[in-house]
Amino acid sequence: MESSWEDAVEVSFRPAGGNIRLAEFDGAQEWPLDLEPISYRVRYCAAGMDRGQAEGTNVDDPPVDHYLLQFWPAPPRPAEPVRITSRSAACRHRSALGQPPPPTPEEQAEAERAARLREEQTAEERRLAVMRQWWGGRLPGEALRRVGRAAFDVARVDVELAHALGSVTPERQRAVARLAVHRAYTVAGPAPLDWVAPALAAMAEGRALPAPFDDEDRAWDVLEGEQRIRRSTVRMAVPPPDRPAVPLLLLHDAAPGRRATAEPPSLPGTEPGQAPPPGQAGARAWPGPGEPVRLVPPQRIEATAPHPLPGDSPAPSHRPAPCAPSQGQALRAEMVRADGVGQEQSLVSRPHAALPALFRAVRPDSLSAAFGAVGAAIVTYGEDYPALLEEVWAMVRGV
């Protein structure tokens with residue numbers, strides 16, 4: 001070290017990140033330091049510290065004190081003074097000696113690990129508290145967790161029913177699934193058709209579903225092309241007002257893909273731009289008589305991943321499969337008045353919402369089948385879902 005430097009100290013330093021900068025005390029200027037994330041030895045040299053403090057030079061005055069900062073790779077070791085000759089440096093050195101020693105790299109790493117663990121524990125405790133509140137004061141059991149999003153779709157309208165459905169026998173769960181399918185298909189309209197009846201009979205007897213229900217995509221195509229189906233709609237199901245809102249931290253759903261039907265459906269006996277006839281199914285969900293309407297095609301929603309239960313980690317992806325929308329993903333239609341003013345409403349196309357109930361009801365797991373079928377039926381019933389839940393509750397209780 002040159003003798004012109006009156007004071008010098010050395011310390012060890014390891015960059016914590018890649019954006020290391022040297023800044024003036026007031027932050028007016030700063031300079032980036034291209035340092036690798038390795039251990040360095042740093043020497044800080046000074047000259048003229050006493051004179052600079054005594055004269056109190058301003059920013060525009062010629063500097064009377066000078067400093068040098070040097071870095072070189074070296075293993076960590078304790079800080080040490082190399083040369084202390086000025087009163088200013090000696091005062092700062094005495095102050096530094098009164099401070100606790102800095103943590104070693106091992107201690108720093110342990111402190112960071114402990115801090116991360118505390119953050120994770122806090123987040124987990126908060127997640128469980130929110131889940132417990134949302135699930136009626138108790139956490140869902142392992143069986144409900146395995147069901148996934150279908151359990152959530154039922155719990156958001158009746159949390160006690162979700163818990164009860166998870167505790168009955170597999171035979172009772174199958175009976176609930178069959179009930180939900182029949183009710184969904186009946187209220188949607190396609191049940192009396194000849195292409196649906198064989199599938200319902202096969203479900204009741206535990207046989208494989210016949211064509212076109214042996215291929216879900218084909219069944220969708222038949223539904224979309226079936227002219228005999230009443231294109232009924234209903235307002236979306238809304239949870240009871242006493243149910244807590246779903247916090248964002250519970251939502252881990254993958255964004256669904258969407259595919260619209262080929263042609264906009266019309267209400268029976270109407271053309272796009274004409275008023276629905278009085279008394280037609282679904283007419284109460286539309287503007288009053290004499291107010292023309294136009295329908296945007298209902299959307300098919302395809303799940304890109306299994307829907308996890310609120311609060312769970314996202315499940316691994318699986319083969320995409322068409323499914324009914326969840327309560328927050330209702331099939332939508334747009335009502336447009338003759339003057340061009342649009343009125344977007346949350347409407348459900350009942351036949352499209354009911355179709356997946358049958359495929360869900362024949363799942364190998366009875367609990368998943370029950371929740372899947374009931375969830376699809378809730379979407380199909382829309383705002384009328386309390387009538388469905390009364391029948392489901394009676395089946396669960398064995399009444």
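Of the 399 residues in the protein chain, 40% are buried, where buried means under 20% relative accessible area, exposed means over 50%, and partly exposed lies in between, with a 1.4 Å probe and protein chains only. Please bear in mind that this is a predicted model, in which local features need pLDDT of at least 70 and side-chain atom pairs count only at pLDDT 80 or more, whereas totals for chains, interfaces and linings use all residues. Residues are numbered from 1 along each chain as its sequence is written, and side-chain values use heavy atoms, with hydrogens and water left out.

The protein chain has 12 helices and 13 strands; these are DSSP runs numbered from the N terminus, helices being H or I with at least four residues and strands being E with at least two. Contact here means heavy atoms within 4.5 Å. Among contacts in the protein chain between residues at least 6 apart in sequence, 70% join residues at least 24 apart.

Let me turn to the salt bridges. Side chains of opposite charge can pair when their charged atoms come close. The criterion is a side-chain nitrogen of Lys or Arg within 4 Å of a carboxyl oxygen of Asp or Glu. The structure holds 14 such salt bridges.

Glu 10 and Arg 43 form one of them, with an N to O distance of 2.5 Å. This pair links distant parts of the chain, 33 residues apart: Glu 10 belongs to strand E1 (residues 7–13) and Arg 43 to strand E4 (residues 40–47). Are these two residues buried or exposed? Both Glu 10 and Arg 43 are buried.

Another salt bridge joins Arg 77 to Glu 80, and its closest N and O atoms are 3.9 Å apart. Arg 77 is partly exposed, at a relative accessible area of 39%, and Glu 80 is also partly exposed, at 36%. Which residues make up the network of salt bridges? Glu 10, Arg 41, Arg 43, Arg 77 and Glu 80 are linked in it.

Strand E4 also contains Tyr 44, which is partly exposed at 40% relative accessibility. Tyr 44 and Ala 8 are 36 residues apart in sequence, yet their C-alpha atoms are 5.4 Å apart in space. Leaving aside neighbours within four places in sequence, Tyr 44 is in contact with Asp 7, Ala 8, Val 9, Tyr 67, Leu 68 and Leu 69.

Arg 127, Val 130, Met 131 and Trp 134 are buried in H3. The buried residues of H3 pack against H4, helix H5 (149–155) and H6. Just after H3, Gly 136 takes a positive phi of about 75°.

A further salt bridge, at 3.3 Å from N to O, brings together the side chains of Glu 160 and Arg 138. It links distant parts of the chain, 22 residues apart, with Glu 160 in helix H6 (residues 159–165) and Arg 138 in the loop between helix H3 (105–134) and helix H4 (142–147).

One backbone feature deserves mention. Ala 211 and Pro 212 are joined by a cis peptide bond, with omega about 5°. Pro 212 is located in the loop between helix H8 (197–205) and helix H9 (216–225).

What of helix H10 (residues 350–361)? Its 12 residues should span 16 Å, and the end C-alpha atoms are 17 Å apart, which agrees. Because 12 of the 12 residues of H10 are buried, this helix is largely enclosed by the rest of the structure.

Finally, consider helix H11 (residues 366–381) and helix H12 (residues 385–397), whose axes come within 8 Å and cross at roughly 150°. Axes are lines fitted to C-alpha atoms, for helices over the stretch in contact, and angles run from 0 to 180 degrees between N-to-C directions. H11 is therefore roughly antiparallel to H12, a label for angles over 145 degrees, with under 35 counting as roughly parallel, 65 to 115 as roughly perpendicular and the rest as oblique. The contact is made by Val 374, Ala 377, Ile 378 and Tyr 381 of H11 together with Tyr 385, Leu 388, Leu 389 and Val 392 of H12.

Methods: Expected span 1.5 Å × (residues − 1).
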